[in-house]
Amino acid sequence: MNSDGSLRSTQPPATRRSIILFPLPFQGHINPMLQLANILHTHGDFHIIIIHTQFNSPNPSKYPQFTFQSIKDGNTEYQYNITTLTDDPIYIFNYLNENCVDTFKDCVAGLIQQEPVACMITDAAFFFTQAVADELKLPRLVLRPSSVLCAVVYCNLTLFYEKGYFNCTNKDPFYDAPLPEYPIIKGKDISKISTKPLGHKDFANKMFEYMKQSSGIIWNTFKELEQPELETISHNFPIPHFTLGPFHKYFSGSSSSLIDEDRTIMSWLDTQPPKSTIYVSFGSVACITESEFQQVANVLENIGLPFLWVVRPGLVTGSKWLESLPETWLERVGEKGRIVKWCCQKEVLAHRATGCFWTHNGWNSTMESICEGVPMVCSPCSYDQPLNARYVSDVWKIGVLLEDGFEKEGIEKAIKKVMVDKEGDEIRERINALKEKLNLSLKEGGSSHKSLKNLVDYISSF
Ligand code: UDX
């Protein structure tokens with residue numbers, strides 16, 4: 001045990017090399033980083049050291065095979081918590097980038113004196129780590145846990161900002177039309193990315209500038225899904241790119257959930273007919289308004305299909321949990337539906353009863369849905385989500401995007417389209433075909449399998 005309470009495992013064997021991983025402390029970033037750690041530990045036989053902030057610290061006892069090092073993140077004057085975080089993640093990203101510099105550098109410097117470290121792999125949003133890597137002469141690889149398509153679109157954020165797309169409204173001609181610079185995307189998709197576009201664009205530009213200086217980028221995607229976007233990003237960022245996703249398919253490892261998973265739900269799901277149930281979740285950071293929440297409740301009550309709804313404490317702006325539900329809603333719904341605070345999402349998506357996923361299209365959720373061949377109804381909130389959702393709906397055609405937000409008729413139509421209508425069968429066929437491609441990519445000789453081998457060889461060459 002270290003003086004600050006973090007765990008230290010025994011020294012690795014002398015011949016075994018170590019990799020330092022540093023996840024951004026948010027659920028959608030911790031999950032893929034710990035999955036990647038497991039992959040490199042199992043397939044590369046590297047010793048894994050996870051450096052983590054005190055804020056949203058992962059649980060080391062779930063990963064006895066790794067060494068965990070906690071660093072101070074400067075968060076002494078106030079306590080922020082993932083379940084009450086309703087504010088501005090970009091502010092927290094910047095805060096961590098400023099406040100972790102010294103503690104991270106000291107920690108890495110100490111480690112490289114003790115054992116042979118091959119490289120560090122840090123979340124792309126921790127852009128400050130590039131300067132640390134350069135100073136300590138340690139290669140830095142980047143994990144970008146979002147889509148490649150998002151990175152390609154984000155390369156144009158300054159232009160989009162200057163053109164006024166962030167502030168566009170339905171009165172602007174480009175609001176609901178393909179953008180001349182990127183015709184897959186509409187103005188309204190860009191307008192949803194952030195309510196604070198200047199800060200968002202500046203942060204993204206800085207993150208990409210330092211990604212370009214890294215020794216390579218690891219993506220949680222597979223080549224067949226984003227081939228054109230991969231070609232573009234490889235051209236824009238001429239460094240090695242590794243697409244070995246989806247990470248969670250390599251093993252059924254332990255969960256890195258920051259919130260306790262309600263597992264009782266699985267026995268309720270077991271009692272539902274095949275492909276009958278709507279699974280609803282908007283991820284770990286997105287927030288919705290009280291009236292949007294009530295709209296979801298009304299639709300789920302009226303649609304006549306079983307549902308499982310994840311209402312994370314803090315999901316509804318200004319509410320602790322379920323206070324905004326319409327009166328007697330729970331009694332009226334009865335056994336037809338369940339609300340939980342958090343669940344084992346991957347298992348729910350893999351369950352035979354799950355028929356569609358009403359999602360915010362965070363990248364992990366999108367990939368997990370493709371993995372299980374579950375069609376999506378898309379309610380993107382912000383960041384990369386509107387872009388992922390546009391591809392799900394218009395490019396891959398494996399879901400329906402709620403173009404008018406939380407509008408009752410539109411939602412009911414979309415759910416019926418994927419669950420009941422003939423069009424739903426076609427959507428299901430397309431997502432199952434993608435799932436097949438994904439499974440092939442993970443097999444010996446497949447694109448993700450090869451990319452993992454390339455990554456292991458690359459790290460071993462340092
Ligand atoms: C955030 C951003 O919202 C997202 O757009 C970006 O791509 C990554 O960071 P988040 O909102 O958490 O992510 O969404 P998502 O990327 O989908 O990750 C959520 C993770 O939590 C998934 O791995 C999902 O399986 C897990 N989850 C979600 C649970 O385990 N249980 C739940 O009840 C809900």
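## Exercise 1: A ring and its partners

Phenylalanine 282 has 1% relative accessibility and therefore counts as buried (buried means under 20% relative accessible area, exposed over 50%, partly exposed in between, with a 1.4 Å probe and protein chains only). Before going on, note that this is a predicted model, where local features need pLDDT of at least 70 and side-chain atom pairs count only at pLDDT 80 or more, while totals for chains, interfaces and linings use all residues. Residues are numbered from 1 along each chain as its sequence is written, and side-chain values use heavy atoms, leaving out hydrogens and water.

Task: find how the rings of phenylalanine 282 and phenylalanine 406 are arranged, and where the two residues lie.

Step 1. Rings of Phe, Tyr and Trp (its six-membered ring) pair if their centres lie within 6.5 Å; planes under 30 degrees apart are stacked, over 60 edge-to-face, and the rest tilted.

Step 2. The two ring centres of phenylalanine 282 and phenylalanine 406 are 5.9 Å apart and the planes stand at 90°, so this pair is edge-to-face.

Step 3. Phenylalanine 282 sits in the loop between S10 and H11, and phenylalanine 406 in the loop between strand S15 (399–401) and helix H16 (408–419), so the pair ties together parts 124 residues apart in sequence. Helices (H or I, at least four residues) and strands (E, at least two) are DSSP runs, numbered from the N terminus.

Step 4. Phenylalanine 282 and phenylalanine 406 are both buried.

## Exercise 2: A threonine in a strand

Task: is threonine 122 buried or exposed, and what does its side chain contact?

Step 1. Locate threonine 122 in strand S4 (residues 117–123).

Step 2. Its relative accessibility is 0%, so threonine 122 counts as buried.

Step 3. The side chain of threonine 122 makes a polar contact of 2.9 Å with the side chain of threonine 129 (a pair of N or O atoms within 3.5 Å; within protein, one must be able to donate a hydrogen and the other to accept it, and residues adjacent in sequence count only if both atoms are side-chain atoms).

## Exercise 3: A helix and what follows

Task: how many of the residues of helix H15 are buried?

Step 1. Helix H15 covers residues 385–395.

Step 2. Nine of its 11 residues are buried, so H15 is largely enclosed by the rest of the structure. Among them are Leu387, Tyr391 and Val392.

Step 3. Just after H15, lysine 397 takes a positive phi of about 55°.
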